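Grab a pencil and work through a few exercises with me. Try each task on your own before you read the solution.

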2 protein chains.
Amino acid sequence: MKRIMLTVAYDGTKYNGWQVQPNGVTIEGQLNKALSELLKEEITVIGASRTDAGVHALCNIAVFDTETRIAPEKIAPALNARLPEDIRIQNSKQVPIDFHPRHCNTRKTYEYRIYMGKYENPIGRQYAHFVYVPLNVEKMQQAAEYLLGEHDFKSFCVAKAQVLTTVRTIYDVTVNKEGSYLTIRVCGSGFLFNMVRIIVGTLLEIGRGNMEPEQMQEILEAKDRQKAGPTAPARGLTLTEFEFVEMTAF
Amino acid sequence: MKRIMLTVAYDGTKYNGWQVQPNGVTIEGQLNKALSELLKEEITVIGASRTDAGVHALCNIAVFDTETRIAPEKIAPALNARLPEDIRIQNSKQVPIDFHPRHCNTRKTYEYRIYMGKYENPIGRQYAHFVYVPLNVEKMQQAAEYLLGEHDFKSFCVAKAQVLTTVRTIYDVTVNKEGSYLTIRVCGSGFLFNMVRIIVGTLLEIGRGNMEPEQMQEILEAKDRQKAGPTAPARGLTLTEFEFVEMTAF
């Protein structure tokens, strides 16, 4: 028995998210199906980030156990031949049998892309949220600063989410304008359900002038989902980096 | 009666090219249908670039004549409301009644994007051709230089094309690597059928080491489609700039 780790890239447009659901096609479901057929065993993967419906990833992580004699690095190309073209394994390798992608110290980076124009750009529309009103990027940058560090992000989380704690650490947030695109990049230890999309929705309210940058602090302190902005659409969001951080021994 | 010019952006993935065909859905066909419904007249547009099936555009040009009393600039948003999300009008304005987008001096720029990786990237796969072998970018840049200026591009044209002359002028060709993407940008007065895709297919042969940069000169001189490389896939190609050049009076 060995444990294999996959790095999975996908265009989430057509999927009902990562996690297997009673209804709808999911990334996890497609991986389980393709792996079970390839390895002729019943395979169930464990994912690191259970991304929402419509969210994309360059590097989500999945692990599974197998008895196969196929070399770990050969699994990626063999699996790609069985997967639809909107899911592509970028890497496959063996990891220690007790490795669990959700019980590790990680640094994840999400990117949210916004297309600012008079009319929508059909090219790349699957990967960007279209906003036609002008945005005050400087105010969005100021507001983003308040999110840095360890905070209770209860205001930036779906109210019904069942989690032990809503405290998370954000290492870095940047708001960058390049041509007609605005990219909001958030790097953190982990994220609550819809957290990045609610952060973006709130930053958009600030960019539009409906809220002031300083209100970000009040929203954090309120610990109330109602105080934050709306949840920005899934299509703009991509998981772009995933890093496992070694524990530092004293 | 007035003549209206539209700037049209589209994701060509699902279309059978620009021009109306007996079979298949086309950009021109969608425009004719949406315009005829909106303006309650039988409208037939004239396009500037009759792009191939699967090719994209940020700014193709279409003109049509109408009796409508709708203000020219209001046509773009009204039309967008009737078009599928993969076609978006970027601008609509009135032009002189004798203006014809194919009987003008123009400068067109096409961009061809190549994704270089071990495995395909599902995000943005609709807008890039995937190549997994390493490419020698410097040799591709050297080869591109031979294309600059006025040449007979018969070798870079579908053999059966019916045109008066296969002489065209290329103002600029660049081959740029940024991260995992290679962008080939070609700016010229006009292009023959499949010309940019055959240029790219030839540059790829050179990048792979199957041909030497100097052979570009021989290929041009041969005036024989067989000497050039294969036609690169449509998905990587986008018409990105379109400029009408004023005639300079002496």
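This is a predicted model: local features need pLDDT of at least 70, side-chain atom pairs count only at pLDDT 80 or more; totals for chains, interfaces and linings use all residues.

**Exercise 1. Work out how the overall size of chain A fits what you'd expect for its 250 residues.**

Step 1: Start with the inventory: chain A has 5 helices and 10 strands.
Step 2: Look at the extent. The C-alpha trace of chain A spans about 60 × 50 × 35 Å along its principal axes.
Step 3: Now compare. A compact globule with 250 residues would have a radius of gyration near 18 Å, and chain A has 19 Å, so the two agree.
Step 4: Check the inside as well: 38% of the 250 residues of chain A count as buried.

**Exercise 2. Find the buried face of helix α2 in chain A, then say what covers it.**

Step 1: Pick out the buried residues of α2 (residues 72-80) of chain A: Ile75(A), Ala76(A) and Leu79(A).
Step 2: Look down the axis of α2(A). The buried residues fall within an arc of 100 degrees, so they line one face of the helix.
Step 3: Turn to the other side of α2(A), where Glu73(A), Lys74(A) and Pro77(A) are exposed.
Step 4: The cover over the buried residues of α2(A) includes β1 (2-10), α1 (27-39) and β4 (87-95) of chain A.

**Exercise 3. Is Asn121(A) buried, partly exposed or exposed?**

Step 1: Locate Asn121(A) in the loop between β5 (106-116) and β6 (129-131) of chain A.
Step 2: Count its C-beta neighbours inside 10 Å. There are 18.
Step 3: Apply the cut-offs: buried needs 20 or more, and exposed needs 12 or fewer. So Asn121(A) counts as partly exposed.
Step 4: See what Asn121(A) touches. Leaving aside its neighbours within four places in sequence, the contacts are Tyr115(A), Ala9(B) and Arg88(B).

**Exercise 4. Describe how chains A and B meet and how they are related.**

Step 1: Count both sides: 22 residues of chain B are in contact with 22 residues of chain A.
Step 2: On the chain B side, β4(B) gives the most, with 4 residues.
Step 3: By type, that side of chain B has 10 nonpolar, 6 polar and 6 charged residues.
Step 4: Superpose the copies. A rotation of 180 degrees with 0.0 Å of shift along its axis puts chain B on chain A, with an RMSD of 0.0 Å. The two copies are therefore related as by a two-fold rotation axis.
Step 5: Finish with the surface: 100% of the contact residues of chain B recur in chain A, and the same surface serves both copies.

Note on methods: Residues are numbered from 1 along each chain as its sequence is written. Chains are lettered from A and ligands numbered from 1 in the order in which they are written. Helices (H or I, at least four residues) and strands (E, at least two) are DSSP runs, numbered from the N terminus. The arc is that of the directions from the helix axis to the C-beta atoms. Two residues are in contact if their C-beta atoms, placed from the backbone, lie within 7 Å. Ala, Val, Leu, Ile, Met, Phe, Trp, Tyr, Cys and Pro count as nonpolar, Asp, Glu, Lys and Arg as charged, and the others, Gly among them, as polar. Copies are superposed by least squares on the C-alpha atoms of residues with pLDDT of at least 70 in both. The radius of gyration is taken over C-alpha atoms; the globule rule is 2.2 Å times the number of residues to the power 0.38.
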